[in-house]
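Colleague: I am new to looking at protein models, and I would like to learn how to read one feature at a time. Could you take me through it slowly?

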Amino acid sequence: DREFANVQETIEEVAGMEVAVREDTSDLFDMDPMKKGQVDTQITERGKEAETAVPSGQSTDPDKMYFWKMSSDRLAIEVIVPVPDWVESADVMYNIGEESKDLMRGPLIEVGYKYEDEEGRERYRYIVDGRVLNAINKAESFWTIEEIGGVKTIMVTLIRPTMSRIRRDSVMEHTTNEFRLEPQTWDSLLTEDRPDPRVVDKVFLDIECDGEPAGRLTFGLFTEECPITCKNFVALCTGEYRDEDGNMTESAMYLKGLPFDEILRENVLRCGNPGLDKTTATLTHEELAEYMQYLVGRQEGGEKKAVGPLRKSWKLTWGQDLPVPPGQDFQRAMEGDPVTDWDIVVQELDKLEKEGKGCTLQFQIPEFVKGVDHRGFAFKFEKLDMTHAQRGFISMDRSEETDMQASSFFIALKEYPDMDNRWNAFGKLVDGFDLLDRIEEEYDGEAKKVTIADCGRVEEVKAKAKAEVEA
């Protein structure tokens with residue numbers, strides 16, 4: 001086999017290029033756009049316009065070098081496999097075989113070439129050999145032989161599954177080809193090559209269900225990848241932390257005794273919000289009149305300001321003397337939801353103000369909407385590229401409005417691509433899967449019956465990790 005060290009730089013440059021193997025994606029999906037007028041393509045993933053940033057990577061085995069990247073339209077994964085100059089199409093070995101029983105995974109794939117050994121016997125060298133990380137459209141995937149930058153390569157194009165439709169506007173003579181991609185996380189090409197962050201710390205949550213001891217959930221934390229997030233979570237579990245001066249300090253927030261906030265089967269468990277984001281305030285008649293003037297001014301573009309006991313950052317919600325307005329079931333707001341229909345608010349409060357009364361209103365405190373960190377505040381997310389690669393991964397509940405997180409966290413109940421690049425994963429369940437199964441099955445929708453009775457740090461893990469580093 002040829003050594004490729006002298007062309008490594010060229011290959012890496014090629015891997016960063018967009019490979020022009022598909023000039024018209026519509027042919028792949030049997031599209032028949034109108035000939036007249038404008039034709040657009042719209043690609044959505046995770047319910048929104050597909051992101052422009054695309055994942056890429058390379059093999060982890062230096063003896064089997066290949067590079068891969070997602071195409072700019074996100075419809076395909078393009079794999080670049082360097083081969084010796086003498087390899088021709090007839091020598092290429094390309095096999096896409098057995099599908100996975102796991103519907104999220106792709107088929108087995110082999111890509112390489114055949115050659116003759118010194119004794120003239122036919123041999124096979126497979127450079128890509130394993131299971132494709134995500135489901136692909138086998139029938140539409142293909143390969144070609146290309147020479148790029150003076151290096152001969154096998155170019156493999158793996159087509160991602162899509163749902164497609166055509167929208168036509170006959171008046172504007174405008175056609176839109178719409179593709180909807182199923183959410184997929186590509187942090188490697190093959191399942192066998194997925195990143196496996198090292199567990200440095202471990203923490204435990206002792207769980208009670210219906211007031212009775214139920215068992216323990218033990219989580220391994222990726223402290224090297226997310227040091228700030230993991231330090232915060234350890235402090236939430238132990239109730240103490242070491243401050244900047246090296247002194248042990250009581251944590252402002254402690255998970256012990258908290259019930260779970262939400263249990264959704266085949267989705268997530270959510271916990272860690274002490275409810276400090278909700279408050280009520282009583283206004284006198286005079287304060288209510290001032291607040292009414294403030295609301296009218298806000299609708300006209302006025303600045304936020306404090307009124308009476310109210311802080312300018314607080315968000316008005318439905319509840320107390322501001323009843324939830326009627327509406328259809330699927331549109332109906334709930335008590336505690338932020339107000340969106342200000343006309344109704346003004347009408348209701350105007351009635352109270354004209355009666356010469358004050359009122360009691362309910363508010364959301366944005367800075368505490370995701371709980372409180374160990375210092376009593378919130379902090380900016382640390383890392384969003386950690387994937388929720390399997391059931392039991394744990395991540396912080398980030399406010400997508402402010403990018404802040406604190407004490408509220410999720411436990412994923414499945415591999416969850418929808419959560420990737422949105423929430424900060426920082427660890428995984430390493431012991432207690434039977435208990436996780438029981439909570440999901442028996443307490444779906446009944447989160448308050450499940451409580452963290454005790455929590456803390458598993459100390460021997462930290463000591464073992466330290467010993468490994470010193471060795």
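Modeller: Let us begin with strand pairing, where two strands count as paired if DSSP finds at least two bridges between them. Please keep in mind that what you see is a predicted model.

Colleague: How many bridges join β23 to β26, and how do the two strands run?

Modeller: Strand β23 is joined to strand β26, which spans residues 424–431, by 4 bridges, and the two run antiparallel. Within this pairing, I394 stands opposite G427 of β26. Strand β23 is also joined to strand β25, residues 409–412, by 3 bridges, and that pair runs antiparallel as well; there the bridge partner of I394 is I411.

Colleague: Are the faces of β23 covered or open?

Modeller: To read this, we call a residue buried when its relative accessible area is under 20%. In β23, which covers residues 393–396, F393 and S395 on one side are buried, and so are I394 and M396 on the other, so that both faces are covered.

Colleague: Which residues are buried in helix α5, and why do they fall on the same side?

Modeller: In α5, residues 433–442, the buried residues are L435, L436, I439 and E440. They lie on the same side of α5 because they cover an arc of only 135° around the axis.

Colleague: What length does helix α2 reach, and what would be expected?

Modeller: Helix α2, residues 227–238, has 12 residues, and from its first C-alpha to its last it reaches 16 Å, close to the 16 Å expected at 1.5 Å a residue. Its buried residues are T229, C230, N232, F233, V234, A235, L236 and C237. Just after α2 comes G239, which takes a positive phi of about 80°.

Colleague: What is the volume of the largest pocket, and which residues lie closest to its centre?

Modeller: The largest pocket has a volume of about 720 Å³. It is lined by 38 residues, and T185, D187, P195, D385 and T387 are the closest to its centre. The elements that give two or more residues to this lining are β3 (56–58) and β4 (67–70), and β3 provides the largest share, with 3 residues. Sorted by class, the lining has 15 nonpolar, 11 polar and 12 charged residues.

Colleague: How many residues line the second largest pocket, and which lie nearest its centre?

Modeller: The second largest pocket, with a volume of about 410 Å³, is lined by 16 residues, and R270, K278, E335, G336 and D337 lie nearest its centre. By class, this lining has 3 nonpolar, 4 polar and 9 charged residues.

Note on methods: Residues numbered from 1 in each chain as written. Predicted model: local features only at pLDDT ≥ 70, side-chain atom pairs only at ≥ 80, totals over all residues. Heavy atoms only, no water. Buried < 20%, exposed > 50% of the residue type's maximum accessible area, 1.4 Å probe, protein only. Arc of directions from axis to C-beta. Expected span 1.5 Å × (residues − 1). 1 Å grid on protein atoms, 1.4 Å probe; cavity = no way out; pocket = protein on both sides within 12 Å on 5 of 7 lines; lining within 4 Å. Points joined across faces, edges and corners; volume = space filled by probe spheres on them. Nonpolar A, V, L, I, M, F, W, Y, C, P; charged D, E, K, R; others polar.
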